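I opened a new notebook page for this structure. These are my entries, in the order I looked things up.

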Amino acid sequence: MAMQQEWANKDYYGDLGVSSSASAADIKKAYRKLARENHPDSNPGNKAAEEKFKRVAEAYDVVGDETKRKEYDQFKSMVGSGGFGRFGGGSGFPGGFRTTSTSNFDGADFDLGDIFGGAGGQAGDGGLGDILGGFFNRGGGAGRSARPSRGADVETEITIDFREAAKGTTFPVELTGDAPCATCHGSGSKSGKTHTCGVCNGSGYVRENSGAFGMARPCSNCNGTGEAIEDPCTTCNGTGTVRRTRSITVRIPAGVEDGQKVRLAGQGEAGPNGKPSGDLFVTVHVRPDKVFTRNGDDLEITVPVSFTELTLGGTVAVPTLDKPVRVKIPAGTPNGRTLRVKGRGVARKSGAGDLLVTVEVAVPRSGDLDAGAMSALRTYAQAEKDSGFDPRAGWAGAV
């Protein structure tokens, strides 16, 4: 729920410069453009670009994911139509839950415990906690949401080379956080036995009354788990976890893009008292390459050529992510033309992109040619003129 609470003040579509009705393809295209423009490696020392890059990456992580985008749109829609308030004939939430101020109660005596927990002081039987729990995919009532069902997710960032991202690699990551206690094997108990908490009767919540008001809070005796430990482990003090540093080898799949997150299930922090571990999310930053740029799964490269190679045609050696390939230049190829080499781009399980080779004339500088070459060039220039060739024929600026 904490993640969704952060969404209230975020405009992810605005950060990406797209409308809320934009297609997934348009969102991806906008993200790629902004990520390239604001990448820290391309803007050293530019804090504004760095912050923009982070906002764009965060926005794409949400609205670039179909499931998260749906939750985000629903949440923003409800906030926009009123937000959170009381029960009674409203819109948005089940049971008519809608926005209102406390003044709408007109001084009436009400019990917040009834809102959060329902009758009898037990959470999880249809109150606000159940509604929010269902909306945020917590799988049910507030009583269940009080019990830590898994460990915390962990996020980290790494930076890899362009070619490592294209071909895939492994990367060591060092993490410090909660790990299962080796003494009690994560149970929190010396004997490994637990029993239903007698303070909250296994609900994970206790109720506190103060005059007309009642509030439900997580039970401190069982830390909201609903289960108590008779003989706490002395190593972890009954939590089942200890802080330690560990090394993880992260496998980066081929074709990962700059700013993309890689999820490693179960590699986050250990859950309390034997509960499952959270996940590890690794944000991958990719260093620009000196030779290649990337457009989806296609690789782009600019190759310098001579005027005669374009005029007469020829074959040039062009680098790829593996070994060089020979690319044929047809006679009469114009400067700036792009030639396509099939299957030499970024390779994934679903297939490989192409290599796009743009040819660009390299003009000799003064002193690069010897006297013989300069004489031959002048002879050619005269022959070209005598043949009637005019490079500006049909040019709009011709006079």
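I began with a term. I call a residue exposed when its relative accessible area is over 50%, and buried when that area is under 20%. Partly exposed covers what lies in between. I also noted that this is a predicted model.

Entry: I looked up His185 in the loop between β2 (169-180) and β3 (194-196). Is His185 buried or exposed? Its relative accessible area is 70%, so His185 is exposed. I then checked the backbone. Phi of His185 is near 60°, a positive value, and the residue is not glycine.

I went on to Asn201, in the loop between β3 and β4 (205-210). Phi of Asn201 is near 55°, again positive in a residue other than glycine. With a relative accessible area of 59%, Asn201 counts as exposed.

**Entry: the chain as a whole.** I stepped back for the totals. I found 11 helices and 17 strands in the chain. The chain has 399 residues, and 36% of them count as buried.

**Entry: a sheet of three strands.** I traced an open sheet with the order β1-β9-β8 and mixed pairing. Which strands stand at the edges? They are β1 (154-160) and β8 (261-264). Each has a single partner strand, so one side of each is left without a neighbour in the sheet. Neighbouring strands here are turned by 25° against each other on average, direction ignored.

I followed one pairing further. β1 and β9 (residues 280-286) run parallel and are joined by seven bridges. Thr156 stands opposite Val282 in β9.

Entry: Next I took β12 (residues 314-318) and β13 (residues 325-329). How do they pair, parallel or antiparallel? They pair in the antiparallel sense, over five bridges. I picked out Ala317, whose bridge partner in β13 is Arg326.

I then looked at the two faces of β13. Val325, Val327 and Ile329 make up the covered face. Arg326 and Lys328 are on the uncovered one.

**Entry: Asn335.** Past β13 I stopped at Asn335, in the loop between β13 and β14 (338-341). What does Asn335 touch, not counting residues up to four places away in sequence? I listed Leu310, Val359, Glu360 and Val361. I also checked Ala362, 27 residues from Asn335 along the chain. The C-alpha atoms of Asn335 and Ala362 are separated by 9.9 Å.

**Entry: a nonpolar patch.** On the surface I found a nonpolar patch formed by Phe307, Leu369, Met374, Leu377 and Tyr380. Together they have about 420 Å² of accessible area. Which helix gives the most to the patch? Helix α11 (residues 371-386) does, with three residues. Met374 lies in helix α11. At 30% relative accessibility, Met374 counts as partly exposed.

**Entry: Ala22.** I ended with Ala22, in the loop between α2 (12-16) and α3 (24-38). The relative accessible area of Ala22 is 10%, so Ala22 is buried. Leaving aside neighbours within four places in sequence, Ala22 is in contact with Ile27 and Arg69.

Key
Residues are numbered from 1 along each chain as its sequence is written. This is a predicted model: local features need pLDDT of at least 70, side-chain atom pairs count only at pLDDT 80 or more; totals for chains, interfaces and linings use all residues. Side-chain values use heavy atoms; hydrogens and water are left out. Two strands pair if DSSP finds at least two bridges between them. Helices (H or I, at least four residues) and strands (E, at least two) are DSSP runs, numbered from the N terminus. Axes are lines fitted to C-alpha atoms, for helices over the stretch in contact, and angles run from 0 to 180 degrees between N-to-C directions. Patches are made of residues with over 30% relative accessible area and no salt bridge: like charges are joined within 9 Å, nonpolar side chains (Val, Leu, Ile, Met, Phe, Trp, Tyr) within 5 Å. Accessible areas come from the Shrake-Rupley method with a 1.4 Å probe; for residues, only the protein chains shown count as cover. A salt bridge is a side-chain nitrogen of Lys or Arg within 4 Å of a carboxyl oxygen of Asp or Glu. Buried means under 20% relative accessible area, exposed over 50%, partly exposed in between (1.4 Å probe, protein chains only). Contact means heavy atoms within 4.5 Å.
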